[in-house]
Amino acid sequence: MTTMSPSTAERLHAQGFNSVDEAWLAEIAPWLRWSPALCATFEAAGTALASPSILLALAATAFLGAILPFHPFDLIYNYGIRFLVRKRALPPNRAPRRFACGIAAVWLIATALLFSAGQMTAGYVLGTLFVGVAALVSTTDICIASIIF
């Protein structure tokens with residue numbers, strides 16, 4: 001039986017996973033970091049390359065994560081990886097996590113626009129901050145936007 005710490009449970013509940021069965025949540029808790037980790041990775045690449053194209057493509061996935069009950073990156077896990085690791089599917093994202101995706105979409109668009117306008121320093125600062133926030137949720141389950149929600 002898989003267990004999780006009370007602090008992990010509290011952090012995941014803040015993201016809206018408070019109605020998920022605790023055994024299910026404990027089993028898939030590490031995989032709930034999958035989408036934020038991919039976002040951090042692509043954002044880091046987009047920022048390092050000062051690429052509005054990468055950032056806008058990532059903003060589109062974040063926007064879909066805001067309006068759908070799942071993030072597009074969750075599909076990679078749900079329809080592929082989970083069968084390899086023999087875990088259950090990820091539960092639907094609730095309002096706090098979708099709100100975080102909406103914030104991410106706006107942030108990514110802003111960063112892309114800064115790079116497009118030649119505001120390189122501001123773009124690097126905003127992009128680096130985003131990577132830090134996404135890295136925080138993908139390593140500790142602390143999602144600032146979900147907490148704000």
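Q: Is Phe-149 buried or exposed, and what is its relative accessible area?
A: The model is predicted, so local features require pLDDT of at least 70 and side-chain atom pairs pLDDT 80 or more, whereas totals for chains, interfaces and linings use all residues. Residues are numbered from 1 along each chain as its sequence is written, and side-chain values use heavy atoms, with hydrogens and water left out. Buried denotes under 20% relative accessible area, exposed over 50%, and partly exposed in between (1.4 Å probe, protein chains only). Phe-149 is therefore exposed, with a relative accessible area of 54%.

Q: How many aromatic pairs does the structure hold?
A: Rings of Phe, Tyr and Trp (its six-membered ring) pair if their centres lie within 6.5 Å; planes under 30 degrees apart are stacked, over 60 edge-to-face, and the rest tilted. Ring pairs join Trp-31, Trp-34 and Tyr-77 into a cluster. The number of aromatic pairs in the structure is six.

Q: What is the angle between the planes of Phe-99 and Phe-149, and how many residues apart are they?
A: The rings lie 5.5 Å centre to centre with 50° between the planes, a tilted pair. Phe-99 is in helix H6 (residues 95-116) and Phe-149 in the segment after helix H8 (144-148), helices being DSSP runs (H or I, at least four residues) numbered from the N terminus.

Q: Why is the pair of Phe-115 and Tyr-124 edge-to-face?
A: Phe-115 is buried at 6% relative accessible area, whereas Tyr-124 is partly exposed at 34%. Their ring centres are 5.1 Å apart, and the pair is edge-to-face because the planes meet at 70°.

Q: Within what arc do the buried residues of H1 fall?
A: In helix H1 (residues 6-14), the buried residues are Thr-8, Ala-9 and Leu-12. The face turned away from them carries the exposed residues Pro-6 and Glu-10. The arc is that of the directions from the helix axis to the C-beta atoms. The buried residues line one face of H1, because their arc is 100°.

Terms used: Helix = DSSP H or I, 4+ residues; strand = E, 2+ residues; numbered from the N terminus.
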